[in-house]
Amino acid sequence: MYEFKLIEEKWQKYWQDHKVFEAAIDPKKKKYYVLEMFPYPSGKIHMGHVRNYTIADVAARFKMMQGFNVLHPMGFDAFGQPAENAAIKNNSKPDIWTHKCIDWMKIELKKMGFSYDWSRELSTCESGYYKWNQWIFLKMYERGLAYKGKAGVNWCPSCSTTLANEEVIDGGCWRCHTQVEQKDLEQWYLKITEYRERLLEDLKQLKNWPERVIAMQNNWIGKSLGVEIYFRLDNSDKIIPVFTTRVDTIFGATYIVLAPEHPLVKEIVKGKPQEKEVLKFIEKVSKETKQVRSKDDVKKEGVFTGCFCINPVNNEKIPIWTADYVLMEYGTGAIMAVPTHDQRDFLFAKEHKLPMRIVIKNPGSESNNPDELVEAYEDDGIQVNSGKFDGLSNSEAKIKIAEWMEKEKIGKIQTHWRLRDWLISRQRFWGTPIPMINCPKCGTVPVPYEDLPVKLPNDAPFTGEGGSPLGKVKEFTDVKCPKCKSLARRETDTMATFFDSSWYFLRFASPDFKKAPFDQKEARYWMPVDQYIGGIEHAILHLLYSRFFTKFFKDLGLIDFDEPFLQLLTQGMVLKDGEVMSKSRGNIVDPDSIISKYGADTLRLFILFAAPPETELDWDEKGMEGAHRFLNRVWRIQENLKSIADPQLLRILHKTIKKVSDDYAGFKFNTAIAGLMELVNAIYQYGADRNTFSILILLLAPIAPHFCEELWQQMGNKGSISKSGWPQYDPKMLIDDTVTIIIQVNGKVRSKLDVPQDISEKKVREMALCDDKVKPWIEGKAIKNIIFVPKKLLSIVI
């Protein structure tokens, strides 16, 4: 049995002392930049981290052994709300808690034997990093991409502070349980919408991204062609614009719904009997998060405003409602409701007994009676109850109705986008200070570049109450205006942590560069990232923002490519007993305890063998025991090496080299390991020589690096196995000397013959007719025909 603890400590020290994984530009070598989504330093790594980082590490080591110049860095996404909350709870400081967590995580990451270039380590909470966040922000501000606007936030009136969505529990503040309200604050945005066409169009370049992620990005950007319809307020000239992609259903609109935040709602209910009820409803909805309002499984609530509008296509007077499921951010903040052809509208109409009209006939139904519907019909059909458009297919009617409405000036064909500008303001301490100054005379003034970084103060009070701690530090807030030199106040909002992670992959190319966010020479060599790996939960925002920043840097002339990540792999979650591992469920498996019991290489082997990377993995410690037994089985091979390899084993060896090489390249690690297990079985059957055993060690090295380094050294080799080269297979050795021919009698398999590759049809016939398994089925019977397919089949027809 191999002593995994001693071996793993030995080789981790060797890699560190000899700087084995430190990368530098080498024009003679092809580069390979592999990167995992860097972690938030929560203190301990979990099995999700282990899986993600092991997948990347095998890719990095494999490419290194193939002769690529590999960059494989690691850092920490270190700003964020948990550190601030921990400081409040423990009467501590966020930086102390964060650095303590980073130190602990680094110990655990090194125990796993990951091939990181630690000389490039970065933490986003260091001023040397967030200085460049501020530089990027100022460049965006200069180009009109950073601006201030009003936005609603979750507000705790008791603590007088903003709350993140996850800090709102059952509608109350996580700290004091006071009912949370929605409050409008002036906040900073980035105009990502300026890049929406490029963000959408360049998705076509991402040939090596999962289709699911491309679809999610596409939907989030949400380009849709439709019609903005002009509903006129009854007894008024005021127009309520409503955008729809389903103009074919306009004749079935029986009411419209305004978002409670819509500025028109309070105006039209003024003096109406319904005013009090509507205002009460608006107040109630203001305390709900947008996430809750958008959920499909939450009952939708609304009230009638007492007002009506005119449907412009048929001059029908229809009621105006306000409801929680309509959000101001989407479309125009108003929708036309067609209950017969939209399920959400259908449920709402049923709940409130609102009228319904079928305007697209279901080809599979004879009835046009809406009372008979049990759900909305949302598929294609033929127009009915649609005036002069009756009888058209609804796809044709979409075009014709849109053109008619535009001609009649009762609507306009428009393109709408789901993507909204990016709100980056946070009313928190532990983040990058936004480098702006508010002057009573000059207005909002940017901090001069030479004054960057605007550093976080060391003595901010953390109580969790009264807004951002930055606002309570006079030495931070009170400054002179850079323009007029009069007394001014520094911006106290900090940036969302997504800002930090939107360009860190570029900083890794030159983490100590002092003149710009990154060294252009280094970025030209290393970028784009060849392989990016992370969870599907980041498939939208993080990847979208990273793509946005990359395009912005290209516009600045700092880079010459459009997309940051050439290939993307989204790994599945690690489950236990069918559930996601979490502290609340009490089903966490601590990697540290597993490493102590079995070793890091066994853990790496198991987590790659248990399931393909993209699928969920259900934890099973029996699998750990099996992985450990396999490594010990490999270890024992060295005790009985032969001088010459068996020819049959050599053929299996070369097939295994090809299979494992192909599987590693395609991230099919579970099947690669299965191939290695078959090779080990063959070695125990035929016996291995020194060369065969050496190749086995090389093939296993990316997965079990400590284990293989030790065996490699014991075989008399010098240096690290990761620099030793990758074994090559002989194509001739992939061709078998023999083939298996299936023998059928009347279409049923009766026997199989292993015969030489070049055997004649005559010889196969003779062997088949004399075969003991075939003879009972043909004796005494007339053979009508014999069909021969070379190297595959002989079929006897009787």
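1. Is the crossing of H5 and H17 left-handed or right-handed? The crossing of these two helices is left-handed. Please keep in mind throughout that this is a predicted model.

2. Two packed helices are described by the angle between their axes and the distance between the axes. For helix H5 (residues 127-142) and helix H17 (residues 541-555), the axes come within 12 Å and cross at roughly 70 degrees. An angle of 65 to 115 degrees counts as roughly perpendicular, and H5 and H17 are therefore roughly perpendicular to each other. On the H5 side, the contact is made by Ile136, Lys139 and Met140; H17 brings Phe548, Phe549, Phe552 and Phe553. Sorted by class, this contact has six nonpolar residues, no polar ones and one charged residue.

3. Next, have a look at helix H20 (residues 621-637) and helix H24 (residues 705-714). Their axes come within 11 Å and cross at roughly 5 degrees, which makes H20 roughly parallel to H24. Here Leu631, Val634 and Trp635 of H20 meet Phe707, Glu710, Leu711 and Gln714 of H24. The residues of this contact divide into five nonpolar, one polar and one charged.

4. H24 also packs against helix H1 (residues 4-17), and the axes of H1 and H24 come within 9 Å. They cross at roughly 85 degrees, so H1 and H24 are roughly perpendicular to each other. H1 contributes Ile7, Glu8, Lys10, Trp11, Gln12 and Trp15 to the contact, while Pro705, His706, Phe707, Glu709, Glu710 and Gln713 come from H24. By class, the contact of H1 with H24 has five nonpolar, three polar and four charged residues. If you compare the two lists for H24, you will find Phe707 and Glu710 in the contact with H20 and again in the contact with H1.

5. Now to the second largest pocket, which has a volume of about 1000 Å³. Its lining consists of 35 residues, and Thr245, Tyr330, Ile335, Asp342 and Arg344 lie nearest the centre of the pocket. By class, the lining has 10 nonpolar, 13 polar and 12 charged residues.

6. Which helices and strands each supply at least two residues of that lining? The helices are H7 (211-221), H10 (290-294) and H11 (343-352). The strands are S8 (223-233), S9 (239-244), S13 (334-337) and S16 (411-417).

Terms used: Residues numbered from 1 in each chain as written. Predicted model: local features only at pLDDT ≥ 70, side-chain atom pairs only at ≥ 80, totals over all residues. Heavy atoms only, no water. 1 Å grid on protein atoms, 1.4 Å probe; cavity = no way out; pocket = protein on both sides within 12 Å on 5 of 7 lines; lining within 4 Å. Points joined across faces, edges and corners; volume = space filled by probe spheres on them. Helix = DSSP H or I, 4+ residues; strand = E, 2+ residues; numbered from the N terminus. Nonpolar A, V, L, I, M, F, W, Y, C, P; charged D, E, K, R; others polar. Axes fitted to C-alpha atoms, helices over the stretch in contact; angles between N-to-C directions. Parallel < 35°, antiparallel > 145°, perpendicular 65-115°, else oblique. Left-handed = near helix turned anticlockwise from the far one by under 90°. Contact = heavy atoms within 4.5 Å.
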